[in-house]
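Have the structure open while you read.

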Amino acid sequence: MTVTSALPDAAPPGAENADAPLPSAPRPRRSRLPFSGWHLLLAPLALLFAVPLIWLLVSSVMSNAEINRFPPALWPSHIDLGGYRYVLGNALFPRWFANSLIVSVVAVVSNLVFGALGGYAFARMRFAGSRTLLVLMLATMAIPFQLTMIPTFLVMKRLGLIDTLGALIVPSLVTPFAVFLLRQFFLSLPRELEEAAWIDGCSRLRVLLLIVLPLSRPALSTVAVLTFLSTWNDLTWPLIAINHDTQYTLQLGLTTFQGLHHTRWSAVMAGNVLTVLPVLLAFLAAQKQFIQSITSSGLKG
């Protein structure tokens, strides 16, 4: 009789380590800095770009003697608000501020309206000569203003708008940049959203107003900020088209503080601070949308 012993089955290779805990993945090393390492590079660059603005603010509270002193003073010995009193005491300064505000606001609104209409037409509609017209429009962006300055002046003179705010508004009603930027953003939007609205019976204009524009707030904010900056800071065209001091813009009015033999630098600096302030507020208000428009490439998900 053969006796067989009940031996346990041989375990497969590696079975003895089956219950062993798996090695954990290496944890990412935590930075010892409480902020990103990029801040070590970006902070000095930001400070470098802020130096002119800081110098402008510091100089605006200096006296003329301190500003004209050589070597220049880096910090005022005492706060002197004479430049601000001179600027705000000028009877025409509020008028210049209002003129700049009117021209800039009208230019922003018109560029948003006409830029959205033109950009949507180039992005979604196909008509005879649409690509040729788009190329010709983009080609105008390569033409410097100095070449179109005289023809624009002659057109404004024929329209009777010289020496009025209309001469500053009409040439800025729509720009090729606004049309191109909005067209590029509209192309990144999915067509399915618009097709669903068309099935429901919406017209193209209604689709643009109710579907496309609410999704295009970053691009619209970018167009608004850049248009406001370019119009608010423009000096060359107002210098040509405006002759009477009551129609001056802020940039043109500030040049009156600089004379041939004497310049009130404290007033110039104070006036520039008051001029830069609305630009900074406009950019800070739209900063998030502006960055989103630059970095976004369409809808995700």
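A cavity here is a set of grid points where a 1.4 Å probe fits but cannot get out, and a residue counts as lining if it has an atom within 4 Å of such a point. Keep in mind that this is a predicted model.

Helix α5 gives the most to the lining, with three residues. By class, the lining of the largest cavity splits into two nonpolar, one polar and three charged residues.

**The open space**

Now for the largest pocket, which holds about 870 Å³ of space. The pocket is lined by 29 residues, and those closest to its centre are F145, P171, S172, T175 and D234. Which helix has the largest share of the lining? That is α11, with five residues. The lining of the largest pocket divides into 14 nonpolar, 14 polar and one charged.

**Helix pairs**

Two packed helices are described by the angle between their axes and the distance between the axes.

| Helix pair | Angle between axes | Distance between axes |
|---|---|---|
| α5 and α8 | about 130° | 9 Å |
| α4 and α8 | about 50° | 7 Å |
| α4 and α11 | about 145° | 9 Å |

Start with α5 (residues 130–139) and α8 (residues 176–187), which pack at about 130°. That angle makes α5 oblique to α8. The crossing of α5 past α8 is left-handed. On the α5 side, L134, M137 and L138 make the contact, and they meet P176, V179, F180 and R183 of α8. Sorted by class, this contact has six nonpolar residues, no polar ones and one charged.

What about α4 against α8? Their axes are 7 Å apart, at an angle of about 50°. Again the result is oblique, this time for α4 relative to α8. The handedness of the α4 and α8 crossing is right-handed. From α4 come N111, G115, A116, G118, G119, Y120, F122, A123 and R124, and they meet A178, V179, L182, R183, F186 and L187 in α8. The α4 and α8 contact counts nine nonpolar, four polar and two charged residues.

Last up is α4 with α11, at about 145° and with axes 9 Å apart. α4 passes α11 in a right-handed crossing. Which residues of α11 does α4 meet? They are L220, V223, A224, T227, F228, T231 and W232, and the α4 side brings F97, S100, L101, V103, S104, A107, V108, N111 and L112. In the contact of α4 with α11 there are 11 nonpolar and five polar residues, with no charged ones.

Definitions and conventions: Residues numbered from 1 in each chain as written. Predicted model: local features only at pLDDT ≥ 70, side-chain atom pairs only at ≥ 80, totals over all residues. Heavy atoms only, no water. Axes fitted to C-alpha atoms, helices over the stretch in contact; angles between N-to-C directions. Helix = DSSP H or I, 4+ residues; strand = E, 2+ residues; numbered from the N terminus. Parallel < 35°, antiparallel > 145°, perpendicular 65-115°, else oblique. Left-handed = near helix turned anticlockwise from the far one by under 90°. Contact = heavy atoms within 4.5 Å. Nonpolar A, V, L, I, M, F, W, Y, C, P; charged D, E, K, R; others polar. 1 Å grid on protein atoms, 1.4 Å probe; cavity = no way out; pocket = protein on both sides within 12 Å on 5 of 7 lines; lining within 4 Å. Points joined across faces, edges and corners; volume = space filled by probe spheres on them.
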